[in-house]
Amino acid sequence: MLDKAADQKEELIPYRGPTSPYALNEIFIQDAFANDDERLWMQMTPYSWSRPLCLNASQGYWVHLSKFRGDGVVSCHRHPAPVHGFIIKGGWRYLEHDWVATEGSYIFEPPGDIHTLVALPEVEESITLFHNTGALIYCDVDGNTKGYADVFTRIDGYAKHFEKVGLGADYVKNFIR
């Protein structure tokens, strides 16, 4: 009995061994979308905003919150690499699919999938966590490329946005790993 109590106390001791001097610092964001500072949200379209959580320049991915408001097409796009999404609040849909992403839904977007994200008129606000790997390639309804976004264009866009709203361009460094 005493040994079990001693083992439980041992479990409450934090790691005290060596750490690599090359390890990056963690990113911790307390309550990433409640009581929010609107300056952290970069407007992407008339219906959408993006808030960075992790911008991984060494592995080519970014994790962000997407916020949708209003009623309209956010974008038609495809991905050459996988995307994961989790709907935190509200909902939205893709014109190409018969399902509606609602609060609590998870989505895996396979490489090559082309879809048109639409904000829903009956939903005041949606927030989705997306993990994008590689690029987001904007296209028209026939699949012709109109532009792209990747972790580097996102870093540049966030830096310009943070400068414009008074946080300073270097604020983006809080999210880069």
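Rings of Phe, Tyr and Trp, the last represented by its six-membered ring, are taken as a pair if their centres lie within 6.5 Å. Planes under 30 degrees apart count as stacked, those over 60 as edge-to-face, and the rest as tilted. In the predicted model described here, a search of the whole structure returns 9 aromatic pairs.

One of these pairs is formed by phenylalanine 68 and tryptophan 92, with 6.4 Å from centre to centre and 75° between the planes. The arrangement is edge-to-face, because the angle is over the 60 degrees set for that class. Phenylalanine 68 belongs to strand E3 (residues 61-68) and tryptophan 92 to strand E6 (residues 91-94), so the pair ties together parts that are 24 residues apart in sequence. Both phenylalanine 68 and tryptophan 92 are buried.

Tyrosine 158 and phenylalanine 162 form a stacked pair, with centres 6.2 Å apart and 15° between the planes. Both residues lie in helix H2 (residues 151-164), where they are 4 residues apart, about one turn of the helix. Tyrosine 158 has a relative accessibility of 0% and therefore counts as buried. Phenylalanine 162 is likewise buried, its relative accessible area being 0%.

Ring pairs also join Phe68, Trp92, Tyr94, Trp99 and Phe130 into a cluster. When residues up to four places away in sequence are not counted, phenylalanine 130 touches Trp62, Val63, His64, Ser66, Phe68, Val83, His84, Gly85, Trp92, Glu109 and Leu117.

Lysine 67 lies over the face of tryptophan 41, at 4.1 Å from the ring centre. For arginine 69, the charged end sits over the ring of tryptophan 49, 5.4 Å from the centre of that ring.

Phe86, Tyr106, Phe108 and Leu129 make up a nonpolar surface patch whose accessible area is about 390 Å² in total. Of these residues, tyrosine 106 is placed in strand E8 (residues 106-109). Tyrosine 106 counts as exposed because its relative accessibility is 52%, the limit for this class being over 50%.

The chain as a whole contains 2 helices and 12 strands. Along the sequence these elements follow the pattern α-β-β-β-β-β-β-β-β-β-β-β-β-α. The C-alpha trace spans about 70 × 40 × 35 Å along its principal axes. Of the 177 residues in the chain, 40% are buried. The chain exposes about 10,600 Å², and carbon and sulfur atoms supply 55% of this area. Among contacts between residues at least 6 apart in sequence, 64% join residues at least 24 apart.

Terms used. Residues are numbered from 1 along each chain as its sequence is written. This is a predicted model: local features need pLDDT of at least 70, side-chain atom pairs count only at pLDDT 80 or more; totals for chains, interfaces and linings use all residues. Side-chain values use heavy atoms; hydrogens and water are left out. Buried means under 20% relative accessible area, exposed over 50%, partly exposed in between (1.4 Å probe, protein chains only). A charge sits over a ring if NZ of Lys or CZ of Arg is within 6 Å of the ring centre and within 35 degrees of the ring normal. Contact means heavy atoms within 4.5 Å. Patches are made of residues with over 30% relative accessible area and no salt bridge: like charges are joined within 9 Å, nonpolar side chains (Val, Leu, Ile, Met, Phe, Trp, Tyr) within 5 Å. Accessible areas come from the Shrake-Rupley method with a 1.4 Å probe; for residues, only the protein chains shown count as cover. A salt bridge is a side-chain nitrogen of Lys or Arg within 4 Å of a carboxyl oxygen of Asp or Glu.
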